[in-house]
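Please find below my notes on the model you sent. They are set out as numbered points.

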Amino acid sequence: MDALFARITPGHIVRSARIGALLIAFVLTAGYVTDRLSIELAGVGSFSLAVLTLLALPNQRSSELLGALAIWLTYAEFMAAIQSGHFNLWRWAIVLATLSLVIVPIKVQHLRQLARGNPYRPLGELDRRVWYAATPATTPAPYAPATFAAISFDPNADLAFEGA
């Protein structure tokens with residue numbers, strides 16, 4: 001196995017994707033600033049930027065990354081509109097549609113993985129942002145704050161500290 005592809009590691013891909021994402025972001029920014037970015041180039045650029053950003057940041061959630069890209073590209077479109085005097089609605093719609101086309105296979109793959117693991121578990125129990133300590137029965141709801149050791153709502157708690 002002396003082929004070049006046999007020696008490439010995921011770390012090499014991540015580093016290359018980071019450089020590529022920065023380059024594409026720079027080119028898209030230059031296109032928006034000069035108002036020379038066509039609809040086709042905006043779609044191809046946003047697709048490439050989305051894929052390279054997902055590869056460049058493997059530990060970040062894909063929906064958060066693509067949401068940040070959608071906000072950034074919307075901001076760039078508004079800044080181009082301020083400079084040129086008109087808002088290019090079609091370019092903005094193509095960019096957002098392209099980002100949504102990137103997220104759909106990711107979400108489908110996640111649902112497939114969930115179906116392989118436990119196909120009858122309700123989706124409401126699968127919130128990945130909540131870390132369960134032991135069991136769901138002993139874990140408070142996600143919106144309830146955790147109790148602090150120094151704060152007690154017991155009126156007799158002051159008596160326990162005075163006696164110590």
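1. Basis of the note. This is a predicted model, in which local features need pLDDT of at least 70 and side-chain atom pairs count only at pLDDT 80 or more, while totals for chains, interfaces and linings use all residues. Residues are numbered from 1 along each chain as its sequence is written, and side-chain values use heavy atoms, with hydrogens and water left out.

2. Confidence. The mean pLDDT (the predictor's confidence in each residue, from 0 to 100) is 82, and 75% of the residues reach 70 or more.

3. Secondary structure. The protein has six helices and zero strands, in the order α-α-α-α-α-α along the sequence. Helices (H or I, at least four residues) and strands (E, at least two) are DSSP runs, numbered from the N terminus.

4. Of the 164 residues, 23% are buried; buried means under 20% relative accessible area, exposed over 50%, and partly exposed in between (1.4 Å probe, protein chains only). The accessible surface comes to about 12,300 Å², and carbon and sulfur atoms hold 68% of that area. The areas come from the Shrake-Rupley method with a 1.4 Å probe; for residues, only the protein chains shown count as cover. Among contacts (heavy atoms within 4.5 Å) with a separation of 6 or more, 63% join residues 24 or more positions apart.

5. Glu77 and Arg91. Glu77 lies in helix α4 (residues 62-84) and Arg91 in helix α5. Are these two side chains' residues buried or exposed? Glu77 is buried because its relative accessible area is 0%, and Arg91 is buried at 2%. Their side chains make a polar contact of 2.8 Å. A polar contact is a pair of N or O atoms within 3.5 Å; within protein, one must be able to donate a hydrogen and the other to accept it, and residues adjacent in sequence count only if both atoms are side-chain atoms.

6. Surroundings of the pair. Leaving aside neighbours within four places in sequence, Glu77 is in contact with Tyr32, Phe87, Asn88, Arg91 and Trp92.

7. Aromatic rings. There are two aromatic pairs. Phe78 and Phe87 form a tilted pair, 4.9 Å centre to centre with 40 degrees between the planes. The rings of Phe87 and Trp92 have centres 5.7 Å apart and planes at 65 degrees, so this pair is edge-to-face. Rings of Phe, Tyr and Trp (its six-membered ring) pair if their centres lie within 6.5 Å; planes under 30 degrees apart count as stacked, over 60 as edge-to-face and the rest as tilted. The pairs link Phe78, Phe87 and Trp92 into a cluster. Phe78 is partly exposed at 43% relative accessibility, as are Phe87 at 30% and Trp92 at 25%.

8. Nonpolar core. A nonpolar core is a set of buried Ala, Val, Leu, Ile, Met, Phe, Trp, Tyr and Cys residues joined through side-chain atoms within 4.5 Å. The largest one has 18 residues, and those with the most contacts inside it include Tyr32, Leu49 and Leu73. Helices α2 (10-34), α3 (39-56), α4 and α5 (89-117) each supply at least two residues, and α4 gives the largest share, six.
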